[in-house]
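I'd like to walk you through one structure, step by step, so please have a look at it with me.

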Amino acid sequence: MLKHFTLDGKRIPFAEGQTIMDAAMAAGEYIPHLCHNPEFAPHGSCRVCTVKLNGRRVAACTAPALDGAEVENDTDELRDERRTLLQLLFIEGNHICPACDKSGNCQLQALAYYCGMTAPEFTHRYPLRPLDASHPDFVIDFNRCILCELCVRASRDADGKSVFAIHGRGIQAHLAIDSPSGKLGDSKLHKEDRAASVCPVGAILPKHTGYAVPIGERLYDRKPISVAGDVSDHRKDSS
Amino acid sequence: MVHEPRSSNTPVPPRGEGLLRSLVAEQYRAGFISAARIQALTAERGLTRAHIEGVIDFYSFLHLEDVGRFRILFSDNIIERMQGNRALAEHLCRRLGSPLGEVRADGRVSIDYTSCIGMSDQGPSLLVNGHAIPSLDVETLDRIASRVEANTPLTEWPQEWFEIPLNIRKKGLLLANEHGDGDAVNALLSSSPTAILAKLEGAGLRGRGGAGFATAAKWRLCRDAPVTQPNQRVVICNADEGEPGTFKDRVLLQGYAERLFDGMTLCAGVIGADRGIVYLRGEYRYLLAPLQASLERRRRAGLLGRRIGGRAGFDFEIEIELGAGAYICGEESSLIESLEGKRGNPRNRPPFPVTRGYLGRPTVINNVATFIAAAMIAAREEGWFRGEGTEQSSGSKLLSIAGDCDHPGVYEYPFGTPIDQILEACGARQTQAVQIAGAAGHLLPPAQFDRTIAFEDVATGGSFMIFNESRDLLEVVRNFADFFAHESCGFCTPCRVGTTLIQQNLTKIGDGRGSRWDLETLRRIGALMRNTSQCGLGATAPSAMFDLLDHFEVVDKRLHSDEFEPAFDLDAALQEARQATGRDDPGAHL
């Protein structure tokens with residue numbers, strides 16, 4: 001017999017072993033998220049999917065669903081916290097949307113719209129992060145990395161290559177590449193790798209194309225992310 | 001259909017076990033971990049170079065570049081700042097011509113600060129190549145400098161410099177009572193695991209680390225967790241005492257290690273474990289040799305190894321693993337990640353370590369004082385432990401008392417003792433505030449000194465830092481903010497970015513450039529960290545800051561204005577333009 005919890009009052013069925021996020025996604029309900037992609041093991045690092053489970057905050061992507069539980073998701077309080085988390089991500093890196101090829105197809109930008117973020121508000125860090133264009137097919141712009149580790153997970157778990165890793169600690173944490181020179185061009189990343197097209201923001205971008213989709217026709221131009229879904233769901237159209 | 005829950009945690013890397021040990025050994029052998037050594041490790045262990053470098057990067061005591069023949073680290077917690085550590089560090093830098101944070105050009109020495117090394121009752125202190133020297137003064141530093149210049153090996157330095165007095169000021173239930181080396185093991189052999197569990201439960205023993213989970217319940221959950229081979233469970237002692245201002249575990253490891261090992265062996269016998277690990281913080285590396293000697297004595301006495309106490313199937317070994325300078329590894333799941341050869345990021349829970357811990361095996365993790373208490377409870381009559389403390393917090397608490405008082409050191413008090421009684425006993429006067437439970441704990445004003453040390457009132461892992469009326473509490477909280485920004489693992493957004501924003505805002509206010517807007521920012525970020533951080537570090541990092549804002553007036557007095565103040569100095573920002581145009585007239589200034 002299926003078990004249920006309620007999400008903002010709606011009954012959501014789930015099977016044993018599913019997380020709140022799994023069950024909500026299966027039921028077609030949207031819980032905002034950035035580091036989660038159902039293809040990969042949940043991670044729980046961005047904290048954007050924080051919901052209240054029987055009054056206690058948990059990350060929906062890692063918290064097991066509980067029978068009879070009340071889950072709050074789309075509330076003013078949680079939306080405000082999500083907006084603040086997004087602001088922290090914006091000021092941590094260098095996110096210049098108007099100049100970014102991923103604009104309109106970027107989950108960070110789309111979520112910021114969805115959560116009503118109008119300005120970053122906090123003091124920008126403006127870190128100096130050189131980009132890496134050494135690979136024939138991809139460029140990595142570390143300025144836009146949000147440390148979701150989707151490329152780390154995809155390369156390790158789907159491609160079996162572990163091309164990516166995290167170095168540094170605290171605010172110095174950053175994406176690193178496994179190759180003799182530390183450059184992407186010397187790594188084993190191949191055009192067809194899952195890790196190459198998993199980035200939800202504009203940190204890993206294909207070369208030889210740019211600004212291909214006109215403004216107005218991009219993924220999140222017409223529909224909010226809650227309806228359009230993740231970048232990964234539209235891989236063929238968006239890359 | 002029943003699904004196996006998807007693990008949200010990083011898989012155990014192949015041959016990751018023992019990686020940290022190899023790296024620590026290489027660091028102390030060569031002074032750094034070379035590219036060639038990393039290359040060799042990738043081949044030996046089937047790990048990528050990026051993985052190994054990511055692990056090295058995570059720990060403050062591991063380096064990719066040579067840090068010199070003598071690595072000198074001054075402990076930089078707030079107590080040692082009050083004791084004048086900064087002036088002493090600057091003195092040594094001048095004396096040796098070795099700029100702070102750099103390796104001297106000839107590669108002989110480097111000097112830097114490090115997080116609290118567990119010596120605030122006898123600071124200022126430093127670590128030289130992992131060995132602690134307490135009670136520093138200018139004269140000692142001058143003598144240290146001569147030895148560094150003469151390239152004298154550490155073994156030929158005066159050994160009395162390295163002596164660390166225990167400084168036990170008050171003995172209570174645990175420290176005043178005797179305990180024979182194998183008393184707990186013998187108690188188990190003459191009764192049964194269930195009888196021991198009942199005894200621990202009856203005693204009401206709760207984890208001494210501060211969270212206070214019932215010890216008997218933890219051990220029982222682990223004992224009941226399924227394993228594929230008998231005794232496949234693991235007992236881990238969390239000796240990664242990193243909370244600033246704490247040193248009681250160091251004292252226990254120096255003077256009471258036999259009891260700890262007895263308690264761990266007891267736990268192994270109760271839950272069915274064949275493997276024990278003491279995760280010893282890197283700052284206590286100098287305790288490694290005496291602890292290993294103690295383990296060797298126990299092996300010879302039949303209290304460790306195969307057939308303990310002559311009983312077939314009671315096989316248990318204890319190894320000691322060294323940490324390498326990462327506060328977060330005191331969080332139990334980070335500690336396990338660290339042991340598995342990964343960065344010490346906290347895990348998502350469930351699963352909890354009692355069902356899936358080290359290498360996926362059911363694991364009990366307790367701190368030093370908890371194992372010692374368990375050993376002593378097992379060896380004694382029912383009711384002994386319950387005779388002290390309160391209904392919800394039985395027994396006693398070891399406190400590490402430091403700061404503005406006449407007699408800093410370790411004090412053992414029954415739970416339920418009021419703070420003002422402790423202050424009086426240690427000779428504290430004109431106390432402005434007490435920070436209890438370390439940087440992650442609470443800053444209490446005098447109006448709360450009638451509160452008591454207990455899980456149900458003021459819970460603490462044992463740190464007790466005293467600040468008199470002459471101290472600037474904003475500096476105290478800034479020191480904590482620096483600490484958390486340095487020690488955040490960087491995994492989750494609110495802690496990674498929030499700790500840095502809090503640090504920046506407190507600095508701005510401390511420098512006299514703060515506004516009411518900055519206070520709002522502090523509160524907003526602090527609340528976000530409390531609510532959404534992945535682990536306790538991020539959730540508790542803003543606690544002292546909230547206390548400062550809620551219970552003290554110092555911050556209000558330091559605000560520059562009620563309106564918005566920019567994050568940078570506008571006039572200073574014009575300096576480049578003034579230089580370029582050769583102007584310095586009043587019109588070129590704001």
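Let's start in chain B, with two strands. Strand E6, residues 233-239 of chain B, pairs with E9(B) in the parallel sense, and five bridges link the two. If you want one pair to look for on your screen, find B:Val235, whose bridge partner in E9(B) is B:Val364. Before I go further, please keep in mind that this is a predicted model.

E6(B) and E9(B) belong to an open sheet of four strands in chain B, with the order E8-E7-E6-E9 and parallel pairing. Which strands stand at the edges of this sheet? They are E8, residues 317-322, and E9, residues 363-367, of chain B; each has a single partner strand, so one side of each is left without a neighbour in the sheet. On average, neighbouring strands here are turned by 20° against each other, direction ignored. For those of you new to this, strands of a sheet pair through backbone hydrogen bonds, either parallel or antiparallel.

Helix H12 of chain B, residues 288-300, lies across strand E7 (273-280) and E8 of chain B, and runs at about 175° to E8(B).

H10 of chain B, residues 248-255, and H14 of chain B, residues 368-378, have their axes 9 Å apart and pack at an angle of about 50°.

Is E12(B) mostly covered or mostly open? It is mostly covered, with five of its six residues buried. E12(B) pairs with strand E14 of chain B, residues 463-468, in the antiparallel sense over five bridges, and there B:Thr431 stands opposite B:Asn468. E12(B) is also joined by three bridges to strand E13 of chain B, residues 442-444, and these two run antiparallel. In that pairing, B:Val434 stands opposite B:Leu444. E12(B) and E13(B) form a hairpin with five residues between them, and in the turn B:Ala437 has a positive phi of about 80°.

Let's bring in the other chain. How many residues does each chain give to the contact between chains A and B? Chain B gives 42 residues and chain A gives 35. On the chain B side, the elements that give two or more residues are helices H3 (49-58), H16 (473-487), H17 (493-510) and H18 (516-532). The largest share of that side, nine residues, comes from H17(B). The residues on the chain B side divide into 15 nonpolar, 19 polar and eight charged.

Finally, chain A itself. Chain A is divided into domain 1, residues 3-74, and domain 2, residues 93-222 + 230-238. Their C-alpha centres lie 25 Å apart. Across the boundary, 10 residues of domain 1 of chain A are in contact with 17 residues of domain 2, and the domain 1 side has seven nonpolar, three polar and no charged residues.

Terms used:
Residues are numbered from 1 along each chain as its sequence is written. Chains are lettered from A and ligands numbered from 1 in the order in which they are written. This is a predicted model: local features need pLDDT of at least 70, side-chain atom pairs count only at pLDDT 80 or more; totals for chains, interfaces and linings use all residues. Two strands pair if DSSP finds at least two bridges between them. Axes are lines fitted to C-alpha atoms, for helices over the stretch in contact, and angles run from 0 to 180 degrees between N-to-C directions. Two residues are in contact if their C-beta atoms, placed from the backbone, lie within 7 Å. A residue is buried if 20 or more other C-beta atoms lie within 10 Å of its own, exposed if 12 or fewer, and partly exposed in between; C-beta atoms are placed from the backbone. Ala, Val, Leu, Ile, Met, Phe, Trp, Tyr, Cys and Pro count as nonpolar, Asp, Glu, Lys and Arg as charged, and the others, Gly among them, as polar. Domain bounds come from an automatic or database domain assignment.
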